[in-house]
Amino acid sequence: MMNFFNKKSQISIKDILSILKNESTPLWIYHTETIINQIKKLKKFDIIRFAQKSCSNIHILRIMKKMNVKIDAVSLGEIERAIKAGYTSKNDDIVFTADMFTKETLKKIVKLNITVNAGSVDMLEQLGKISPGHKVWIRINPKFGHGHHFKTNTGGENSKHGIWDPKLTIPIIKKYELNCIGLHMHIGSGVNYEHLKNVCNAMKKQCIKFNQKIKAISAGGGLSIPYKKTDIPVNVNHYFHLWNNVREEISKHFNNPIKLEIEPGRFLVGESGILISQICTIKKVGKKIFTLIDSGFNDLMRPVLYGSYHHISVIPKDNRNINTNKIIKTIIGGPLCESGDIFTQNENNQLIEIELPEIKIGDYIVFHNTGAYGASMSSNYNSRPLISEVLITEKIPKIIRRKQTIQELIRLETEI
């Protein structure tokens, strides 16, 4: 695989080409062992709760369940997916996190007795009225935030997430005798240890200020992965150490044991996945060269939404030896009728030319580290069907989502 930086890919060229004999591009491929290894890195935490929104395929959720990872669901659909994967409402296996309820979601949560991580005071009032004694978490906005992009910042005045003053929840908790399990705090994606110290200190202050008997605290998620060669992997031991110190201080203050929960998404699945696309045309536009592939931002949204970087490799379709001495600078774009359908752009939406070895029409383009917020953010824009997902377990590939058909799209509008 050309251009793959500093480590061997868990998914080999042989694996990819074998899958492509039976599956057409574009398609997602995941690697089970990579997910399992990432889970093991977090075993020091009392509870690992997977942020399902990052990769919601039920076959991935079954891996999580087998590894005793619990589930964070943020919608009714994600609750149903978790149940389909074998999760139940027992032992807080599923927690619903949101800042509001829809009527359907609230009805289901009460029926199944699913624990709620409430991001607004209104949620507690609505829940308490119809389900007194319900188990809840309180999600706190610590009045500051952080993220790899301003759109992933989940704290401070510019964030819709969390409760600004958690003390306002106490009268409602008492009124409806809600069972408050713990406090949750998440300020955004990406790890900055100075910010993390601030979050830990804020959690301690809020717990003392809240002054209610709780059983756990949640460190939230947002653990980063190395997308670029220069990215430094998260020091998981240091991350745990900072949170564990705070947990011990809170436990000492209240004189009762406190469990420490973490809620990772991309950290568990991001490095497990790749997106395979095929080059359809190579065209010169003025002084620029555009390489257009059969994937669009309807498949992989992150570059157009955040200006996110995904390392790109090339696999020659004809098994030729690619001449690495002959390099071209090119912009990678997709098939959508949309000027923004470009995979090589920065967070300011400026086009970026990347260097690739000599390529030809029909060659395959590989986007690395797409296991998180890849398939789960896909859409049907331009009436394009959702693409296949394949999971490799012990070298055996298995289709875990078949490609959607155009007829299935149309049927939603014609069979009414």
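Student: What makes the charged end of lysine 228 count as sitting over the ring of tyrosine 309?

Tutor: In this predicted model, the charged end of lysine 228 is 5.5 Å from the centre of the tyrosine 309 ring. The rule asks for a distance within 6 Å, and also for a position within 35 degrees of the ring normal. Lysine 228 is listed as sitting over the ring.

Student: Why is the pair of phenylalanine 45 and phenylalanine 240 called edge-to-face?

Tutor: A pair of aromatic rings is described by the distance of the centres and the angle of the planes. For phenylalanine 45 and phenylalanine 240 the values are 5.1 Å and 85 degrees. Centres must lie within 6.5 Å, and planes over 60 degrees apart count as edge-to-face. The pair is therefore edge-to-face. By this rule the model has 4 aromatic pairs.

Student: What does the pair of phenylalanine 45 and phenylalanine 240 tie together?

Tutor: Phenylalanine 45 is in the loop between helix H2 and strand E2, while phenylalanine 240 is in helix H9, so the pair joins parts 195 residues apart in sequence. Both phenylalanine 45 and phenylalanine 240 are buried.

Student: Why is the pair of phenylalanine 297 and tyrosine 381 called stacked?

Tutor: The ring centres of phenylalanine 297 and tyrosine 381 are 5.7 Å apart and their planes are at 15 degrees. Planes under 30 degrees apart count as stacked, so this pair is stacked. Phenylalanine 297 lies in the loop between strand E11 and helix H11, and tyrosine 381 in the loop between strand E15 and strand E16, so the pair ties together parts 84 residues apart in sequence.

Student: How do you know whether phenylalanine 297 is buried or exposed, and what about tyrosine 381?

Tutor: Buried means under 20% relative accessible area, and exposed means over 50%. Phenylalanine 297 has 12%, so it is buried. Tyrosine 381 has 33%, which lies in between, so tyrosine 381 is partly exposed.

Student: How is valine 199 in helix H8 classed?

Tutor: Valine 199 belongs to helix H8, residues 193-210. Its relative accessibility is 5%, so it counts as buried.

Student: Why is strand E6 described as largely enclosed?

Tutor: Of the 6 residues of strand E6, 5 are buried, so the rest of the structure largely encloses this strand.

Student: What makes strand E5 and E6 a pair?

Tutor: At least two bridges are needed. Strand E5 and E6 have 3 bridges, in the parallel sense, so they pair. Valine 116 stands opposite valine 136 in E6.

Note on methods: Residues are numbered from 1 along each chain as its sequence is written. This is a predicted model: local features need pLDDT of at least 70, side-chain atom pairs count only at pLDDT 80 or more; totals for chains, interfaces and linings use all residues. Side-chain values use heavy atoms; hydrogens and water are left out. Rings of Phe, Tyr and Trp (its six-membered ring) pair if their centres lie within 6.5 Å; planes under 30 degrees apart count as stacked, over 60 as edge-to-face and the rest as tilted. Helices (H or I, at least four residues) and strands (E, at least two) are DSSP runs, numbered from the N terminus. Buried means under 20% relative accessible area, exposed over 50%, partly exposed in between (1.4 Å probe, protein chains only).
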